[in-house]
Amino acid sequence: MHRVLITGAGGGIGRSLRESLRGTYPILRLSDRVPLGAARAGEEVCNAELYDREEVERIVADVDGIIHLGGISGEDEWEPILRSNIGGTYNLFEAARRAQVKRIIVATSNHAVGFYPRDQKIDHRAPPRPDSRYGVSKAFAEALASLYADKHGIGFLCTRIGNFGSRPIDKRRLSIWISPRDYTQLVRIGLEHPDIRYEIVYGVSNNRRSWYDNSNAERLGYRPQDGSEPFAEAVLAAEAGRAIDPIAEHYQGGTFCAAEYSARTFAP
Ligand code: 15L
């Protein structure tokens, strides 16, 4: 890996990887629709809208690997999801095919599988069960990655990210939290492991309350350094007595499942 592109480099995960991957590869190319500040040594900075094909062609030129974080990072109306997440991901993979990019790390999400109940442990073979239009766009990204792996030979690591941050912020996040250094490790596996064709892994730390069997990540060498349990007591105490939404509480996707919910069949 000589030149690695990060899309969505101005977001929370992008800004963190900009620091943690600094010096790991000769050139980090950073792209976002928002300003990213001046390029430092070993960096290239560019602005692009992912739904603009020509701009995407420009940022992908001469790149060996891509960390695809760009797009809308939560639930939204259909049009922006279609344009940025679905159209943008298609434009990116197409440009990558033409530029003969070797590897792509895809930031998919726990919301691609958010409608699995919390009492069910799922692994990388769990079919999508999206909990939102946003989750559908992540399931789309996984399906498109599968196509470009099989048909065009690009290696993909799809990381179903739980919740990225310096600490788990609530009870649900105790099950899905990932620390910056653990996500960095996962991204590096995706870019550097000699034998990746198409893999799905969960982007989570070593959380005792996890809803995921992350054995596929472990098989690829992932050894998370962090876990949510030391934060559990304080997190649970802060939430004690708070009203609980039964739908959000029942499903792994939480409030993403409860929003706009209108099925009459729910029986927890
Ligand atoms: C995600 O996929 C979002 O990008 C992030 O903003 C959080 O909502 C996270 O999931 C979560 O489920 O906590």
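**Exercise 1. Describe the shell around the ligand by residue class, then by name and by element.**

Step 1. Sorted by class, the shell holds three nonpolar, six polar and two charged residues. Here Ala, Val, Leu, Ile, Met, Phe, Trp, Tyr, Cys and Pro count as nonpolar, Asp, Glu, Lys and Arg as charged, and the others, Gly among them, as polar.

The structure is a predicted model, in which local features need pLDDT of at least 70 and side-chain atom pairs count only at pLDDT 80 or more, while totals for chains, interfaces and linings use all residues. Residues are numbered from 1 along each chain as its sequence is written, and side-chain values use heavy atoms, with hydrogens and water left out.

Step 2. The residues around the ligand are Ser73, Ser109, Asn110, His111, Tyr134, Gly162, Asn163, Arg172, Arg173, Ile176 and Phe256. A residue is near a molecule if one of its heavy atoms lies within 4 Å of it.

Step 3. Helix H5, residues 171–176, gives the most to this shell, with three residues. Helices (H or I, at least four residues) and strands (E, at least two) are DSSP runs, numbered from the N terminus.

**Exercise 2. Locate Asp62 and Glu260, and decide for each: buried or exposed?**

Step 1. Asp62 sits in the loop between helix H2 (53–60) and strand E4 (65–68). Its phi is positive, about 65 degrees, although Asp62 is not a glycine.

Step 2. Asp62 counts as exposed because its relative accessibility is 60%. Buried means under 20% relative accessible area, exposed over 50%, partly exposed in between (1.4 Å probe, protein chains only).

Step 3. Glu260 lies in the segment after helix H10 (255–258). Glu260 has a positive phi of about 65 degrees and is not a glycine. With a relative accessible area of 59%, Glu260 is exposed.
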